[in-house]
Amino acid sequence: MLLTIDVGNTHTVLGLFEGEDVIEHWRLATDARRTADEIAVVLQGLLAQSPLLKGADISGIAICSTVPSVLNEMREMCRRYYGDVTAVIVEPGVRTGVPVRMDNPKEVGSDRIVNALAAIDQYGGPCIIVDFGTATSFDAVSAKGEYVGAVTAPGIEISVDALAAAGAQLHKVELVRPRSVIAKNTVEALQAGIIYGFAGQVDGIVERMAAELADDPDDVTVVATGGHAALVVSESRSIDVHEPWLTLIGLRLIYNRNTA
């Protein structure tokens, strides 16, 4: 089985593949202070407690990370605890098959390249990937499978925290759909602003990106992923597909590409 690990700024998502299917998955808080030994203890605990994995062996590991300190500890964890398992870490020198047409390709996060590969493989191009993470990122991929540009906006969680911190009579609320857009209380007013505000942001940015990306914007497939995607997908008119495991799928593809 292939273990895939996507280390984000806020959360770390782990998925276990049997063939092309995710058969188990976990979401953890990303902690930059966690050592390689602590990561191994957490990982082995998760694997041991899953009823689906009794007697299962890890045959490969694929990792991408936006947090350099965590990536270093992940590398050490693989060396110490899974030394006999092939590990592919997405970094310079690893074959992704995605040409990066940016002024400075080194600025592009590895997770965004991984997402681009997965989107092209699953849905073809041109496409736009909307990743609802710590930031809300919009990645443009051409019909040829090239990563051609991006938009980055503050993420939902960051925006909610900032609003609660700056408003004396405002506080964090549960991120759920309110009864109506025009709210009758403060909690639902905040929820409406968050859910419908981000849906409107997504539609506005995607519309502009699609117009630049293709002669016919209707040819562009819009793929949503990330921890908060489910909050916005049903309220957005521009999102075509919701794929929560997009990054993990990309990691599987990169692992196969580099170990074939």
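Trainee: Which residues touch the most other members of the largest nonpolar core?

Mentor: Bear in mind that this is a predicted model. The largest nonpolar core has 29 residues, and those touching the most other members are Ile128, Val130, Phe132, Ile156, Ile194 and Val202. Two or more residues come from each of β6 (127-132), β7 (135-141), α4 (156-166), α5 (186-213), β9 (221-225) and α6 (229-233). With 13 residues, α5 gives the most.

Trainee: What is Ile194 in contact with, leaving aside its neighbours within four places in sequence?

Mentor: Ile194 is in contact with Ile156, Val160, Val173 and Leu175. There is also a second, separate core of 28 residues, and Ala62, Val98, Ile113 and Val114 are among them.

Trainee: Now the strand β6. How do I read which way its side chains point?

Mentor: Start with the general idea: in a regular strand, side chains alternate between the two faces of the sheet. Here Cys127, Ile129 and Asp131 point one way from β6, while Ile128, Val130 and Phe132 point the other way.

Trainee: Why is β6 described as largely enclosed by the rest of the structure?

Mentor: Because six of its six residues are buried, meaning under 20% relative accessible area.

Trainee: Which strands pair with β6?

Mentor: β7 pairs with β6 in the antiparallel sense over six bridges, and the two form a hairpin with two residues between them. β9 runs parallel to β6, joined to it by five bridges. Ile129 shows both pairings: its bridge partner in β7 is Asp139, and in β9 it stands opposite Val223.

Terms used
Residues numbered from 1 in each chain as written. Predicted model: local features only at pLDDT ≥ 70, side-chain atom pairs only at ≥ 80, totals over all residues. Heavy atoms only, no water. Core = buried A, V, L, I, M, F, W, Y, C linked by side-chain atoms within 4.5 Å. Buried < 20%, exposed > 50% of the residue type's maximum accessible area, 1.4 Å probe, protein only. Helix = DSSP H or I, 4+ residues; strand = E, 2+ residues; numbered from the N terminus. Contact = heavy atoms within 4.5 Å. Pairing = 2+ DSSP bridges.
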